[in-house]
Amino acid sequence: MRGVWTPGLWCHAHVYHGSIGSLHPSLLRCAVRSIHTRRKPITIPESIKLSILDFPPQPRPTRPLSALMRRAKTLVFNGPKGEVVVPLHHFVNMVWADNPETKQRNVTFAVENEDIKLQRGIWGLTRALCANAIKGAQDGHEVTLRLVGVGYRASIEPDPLPRKHPLEVELERGRGHWYAAEQKQTEIDRVKRLIEASGPNQRLHLRLGYSHPVLVPIPYGVQAETPSPTTIKLSSANKELLGQFAQSVRQFRKPEPYKGKGVFINDEQIKLKTPKKK
């Protein structure tokens, strides 16, 4: 056995003289992991407008940013479905190019030093966040919730209770931590645009087997509809916000392994257990 090196990968393998199809599955997984997605360019459609701000995003002003985040910038993606913000760290560089075939802009990310583990990790993270932001601002992200159980129902109704955006609540608690003169006003204007685009306040009315209904306010930036009483379709330009809200709804009745009842996200499946016999 001897060491075999591939870009970004070190693994041990026997001397091999056969075809790739007869390789051990573990070696095939190693080969797949050696492909760096972070090096692939991202195509920015004409419908997406990209702005770069000289200060980092600050969604929670009562919490100070880390020393690393304080040196970051802000990428703002605007599209037909909404606005998405992505932090750009100081050691991540953007290389622009034009695609001669599609006549669209391509952007490739790079870091100052690939030998530093932190930079390599944020390199791939930034690329993934930007790809999700472009898809969300142009087409939007979707999540389907399935209610499985006898009597489980869901509906959407107006929310009569007053509501505030989390940033407004944070501003009322204290002065906050701001690191640029325009940072505070930029965050306030972004929240105002989000509230105006979200329309009237709504909430989910869920029947999940409890003696009382479960009322869940739909956050700003998330749209919901119920094509059937047991199906909830959520959509948003912000993939992170959408996933957090879907997971919060799932927590009210997580799938249980004996009868298979609960709230399922997309094509989620669980392995059923055999009940214990007395």
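**Exercise 1. How many helices and strands does the secondary structure of the chain come to?**

Solution. Start with the rule: helices (H or I, at least four residues) and strands (E, at least two) are DSSP runs, numbered from the N terminus. By that rule the chain has six helices and 15 strands. The model is predicted: local features need pLDDT of at least 70, side-chain atom pairs count only at pLDDT 80 or more, and totals for chains, interfaces and linings use all residues. Residues are numbered from 1 along each chain as its sequence is written, and side-chain values use heavy atoms, with hydrogens and water left out.

**Exercise 2. Describe the chain by burial and contacts.**

Solution. Take burial. Buried means under 20% relative accessible area, exposed over 50%, and partly exposed in between (1.4 Å probe, protein chains only). Of the 278 residues in the chain, 32% are buried. Now take contacts, meaning heavy atoms within 4.5 Å. Among contacts with a separation of 6 or more, 57% come from residues 24 or more positions apart.

**Exercise 3. Is His141 buried or exposed, and what does its side chain reach?**

Solution. Locate the residue: His141 is in strand β9, residues 141-148. Check its accessibility: His141 counts as buried because its relative accessibility is 6%. Follow the side chain: it reaches the backbone oxygen of Asn132 at 2.9 Å. Such a polar contact is a pair of N or O atoms within 3.5 Å; within protein, one must be able to donate a hydrogen and the other to accept it, and residues adjacent in sequence count only if both atoms are side-chain atoms. Then list partners. Leaving aside neighbours within four places in sequence, His141 contacts residues including Lys135, Gly136, Leu234 and Leu242.

**Exercise 4. What is phi of Asn266 near, and where does Asn266 lie?**

Solution. Recall the background: most residues other than glycine have a negative phi. Asn266 has a positive phi, near 55°. Asn266 lies in the segment after β15 (262-265).
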